[in-house]
Amino acid sequence: MQTIETVFERELKRMINHRILDLKDNLAVNCYEDVASFKYLMGKIAALNDMEELIELAKESAEQRNR
């Protein structure tokens, strides 16, 4: 049986990965007029990658508290 937390975590990770792929597709088109726009997009991708790491840290922290 899956808990709501497990389902939420799985869906959030799926949505993050989907968003990262969309942003990478935007990079492939390369329609950026300046370097700042490109750097902004790269920052968004990095932030989304960090989200997955934060999810794992939060999960570990929650498990520690429930002991």
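**Contacts, core and pocket**

Reply: Let's start with Ile20: not counting residues up to four places away in sequence, Ile20 touches Ile45, Leu48 and Asn49. Contact here means heavy atoms within 4.5 Å. This is a predicted model, where local features need pLDDT of at least 70 and side-chain atom pairs count only at pLDDT 80 or more, while totals for chains, interfaces and linings use all residues. Residues are numbered from 1 along each chain as its sequence is written, and side-chain values use heavy atoms, with hydrogens and water left out.

Me: OK, and where is Ile20 found?

Reply: In helix α1. Helices are DSSP runs (H or I, at least four residues), numbered from the N terminus.

Me: Is Ile20 buried or exposed?

Reply: Ile20 counts as buried because its relative accessibility is 6%. The cut-offs are under 20% relative accessible area for buried, over 50% for exposed, and partly exposed in between, with a 1.4 Å probe and protein chains only.

Me: Which residues are in the largest nonpolar core?

Reply: There are 7 residues: Ile16, Ile20, Leu23, Leu41, Ile45, Leu48 and Ile55. α1 and α2 each supply at least two residues of this core, and α2 gives the most, with 4 residues. A nonpolar core is a set of buried Ala, Val, Leu, Ile, Met, Phe, Trp, Tyr and Cys residues joined through side-chain atoms within 4.5 Å. In soluble globular proteins, nonpolar side chains tend to be buried together.

Me: Switching to the helices, which residues in α1 are buried?

Reply: Glu9, Ile16, Ile20 and Leu23. The cover over the buried residues of α1 includes α2. In α2, the buried residues are Leu41, Ile45, Leu48 and Ile55, and their cover includes α1.

Me: What follows α1?

Reply: Asn30, whose phi is positive, near 55°.

Me: Why does Glu9 count as buried?

Reply: Because its relative accessibility is 17%. Glu9 touches Ile55, Glu56 and Lys59, not counting residues up to four places away in sequence.

Me: New topic, which residues line the largest pocket?

Reply: Thr3, Glu5, Thr6, Phe8, Glu9, Leu12, Ile55, Ala58, Lys59 and Ala62. A pocket here is an open set of points on a 1 Å grid over the protein atoms alone, where a 1.4 Å probe fits, with protein on both sides within 12 Å along at least five of seven lines; lining residues have an atom within 4 Å of a point.

Me: Which helix gives the largest share of the lining?

Reply: α1, with 5 residues.

Me: And Thr3, where is that?

Reply: Thr3 is in the segment before α1. Thr3 is partly exposed, because its relative accessible area is 36%.
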